[in-house]
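Subject: Handover of a structure and findings

Dear colleague,

Please find below the structure that I am handing over to you. My findings follow it, arranged by topic.

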Amino acid sequence: MTTGVAVAATPTSASVETLDLDPAFALHRGGKIEIRATVPVRDADDLALAYTPGVARVCTGIAENPALVNDYTWVSRVVAVVSDGTAVLGLGDIGPSAAMPVMEGKALLFKEFANVDAVPICLDCTDVDAIVETVVRLAPSFGGINLEDISAPRCFEIEDRLRDLLDIPVFHDDQHGTAIVALAALQNAARLTGRTLGDLRAVVAGAGASGVAVTRILLEAGIGDIAVSDSKGMIYAGREGLNPVKEALARDTNKAGHTGSTEEALAGADVFLGLSGSTVTEKAIASMAPDAIVFALSNPTPEVHPEVAAKHVRVVATGRSDFPNQINNVLAFPGVFRGALDVRASTITENMKVAAANALAGVVGDDVSPTYIIPSPFDDRVAPAVTAAVAAQARADGVARL
């Protein structure tokens, strides 16, 4: 599908003036975010309160009672968006500088959709120990850490270690944002077809960050059966060469014992979730059960074209904005962090993620249809619903401090 947008010369050969002919470059000129003052500095009295000598009294108060930093600075309401640039969008390992437009964009979405202040931080290191140490050292300046576009399997260890070391929310959006939105959409798709999650057998293509997280949240929510594939075929107990993450998947999934290809496992399956960048044939989609559900989420090219899949299944979702039912992380992460920050949560629990998905699914309500299983990111009910659900669940789980 073409967009009609003119594209400028390649960045390696074009001048800045030429690149500005491309509307994407023009929009990004100078960056997409800035810091604004929240108090006036109109005269010497204002200056004396906002800075020296008045600021010294606040510093002394915080030194004596460190918890006051949450009330008298912005720390408790600001998120660090951290990336090493190793898995940026569909572009791969493009490095920290090239990742910055995406991290700026993430910060922009935090502010626009949930009024959360966020600071993009792109790290010039890829070693797990170095990333963990750097983020831990930065953490006193933030109320939450949003990890972004860090390649698997490193991303799993980085998140796990940071969650253990820090008492603020740590959330790898590539994993959990996708998982929350996918669960919400699948709940509504199942409801539309007269089933529950427990009635469904699902096949997930892709065992990277998003594939693993989607599988885990669906297990948590009670999916009937779920099996996962990687580039070598289905993951099952006893398969050689599995890393620890895939070994854990093998223990917890694939009750039916599929050992062949993704397409073979799709025969009779109720759900296909594509998170792999691979392709699936029309024949395989046609072999699925009646009223099947296909989430072909790879971008920009879905595993199967949605119009092809729609000939054989009841519900189709993609990661693209030009087709119905877009599975878009922006439906989740702003509200998740807003809710966690509002109650000064020490972490984001699995229950909080499921609560976010339930709230998101609930926004659709009785309007559910094959082309409306998930709300638009521009539906102004989304962020408040997710925020309230996450905050309430944080209190129920005992991780809220307000």
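A nonpolar core is taken here as a set of buried Ala, Val, Leu, Ile, Met, Phe, Trp, Tyr and Cys residues joined through side-chain atoms within 4.5 Å. Please bear in mind that the model is a predicted one.

**Nonpolar cores**

In the largest nonpolar core there are 98 residues, and Ile-145, Leu-186, Leu-218 and Phe-295 have the most contacts inside it. Helix α9 (residues 173-192) supplies the largest share of this core, namely eleven residues. Which residues does Leu-218 touch, if those up to four places away in sequence are not counted? They are Leu-183, Leu-186, Ile-223, Ile-226 and Leu-273.

**Salt bridges**

Side chains of opposite charge can pair when their charged atoms come close. With a salt bridge defined as a side-chain nitrogen of Lys or Arg within 4 Å of a carboxyl oxygen of Asp or Glu, the count comes to 23.

One of these salt bridges is formed by the side chains of Arg-154 and Asp-84, at 2.3 Å from N to O. The pair links distant parts of the chain, 70 residues apart: Arg-154 belongs to helix α8 (residues 154-165), while Asp-84 lies in the loop between β1 (78-83) and α6 (95-114). Both Arg-154 and Asp-84 are buried.

Arg-161 takes part in a salt bridge with Asp-129, at 2.7 Å from N to O. Because Arg-161 lies in helix α8 and Asp-129 in helix α7 (residues 128-138), this pair ties together parts that are 32 residues apart in sequence. Arg-161 also meets Glu-157 in a salt bridge, at 3.2 Å from N to O. Arg-161 and Glu-157 are four residues apart in helix α8, so about one helical turn separates them.

Are the residues of these two pairs buried, partly exposed or exposed? Arg-161 is partly exposed, with a relative accessible area of 27%. Asp-129 is likewise partly exposed, at 45%, and Glu-157 is partly exposed, at 39%.

Elsewhere, salt bridges that share partners join Arg-77, Lys-111 and Asp-117 into one network.

**Strands β9 and β10**

Strand β9 (residues 293-296) and strand β10 run parallel and are joined by four bridges.

**Helix α11**

In helix α11 (residues 244-252), the buried residues are Lys-246, Ala-248, Leu-249 and Ala-250. What do the buried residues of α11 pack against? Their partners are α10 (209-221) and β6 (225-230). At the start of α11, a side-chain oxygen of Asn-243 comes to within 3.0 Å of the backbone nitrogen of Val-245. Just after this helix, Asn-254 has a positive phi of about 60°.

**Annotated region**

An unreviewed UniProt entry carries the annotation "domain: Malic enzyme NAD-binding" for residues 175-395. Over residues 175-395, the chain is 42% helix and 11% strand, and 23 Å lies between the end C-alpha atoms.

With kind regards

Technical notes: Residues are numbered from 1 along each chain as its sequence is written. This is a predicted model: local features need pLDDT of at least 70, side-chain atom pairs count only at pLDDT 80 or more; totals for chains, interfaces and linings use all residues. Side-chain values use heavy atoms; hydrogens and water are left out. Buried means under 20% relative accessible area, exposed over 50%, partly exposed in between (1.4 Å probe, protein chains only). Helices (H or I, at least four residues) and strands (E, at least two) are DSSP runs, numbered from the N terminus. Contact means heavy atoms within 4.5 Å. Two strands pair if DSSP finds at least two bridges between them. UniProt positions are given in the numbering used here, feature names are shortened, and annotations may be inferred rather than shown by experiment. A polar contact is a pair of N or O atoms within 3.5 Å; within protein, one must be able to donate a hydrogen and the other to accept it, and residues adjacent in sequence count only if both atoms are side-chain atoms.
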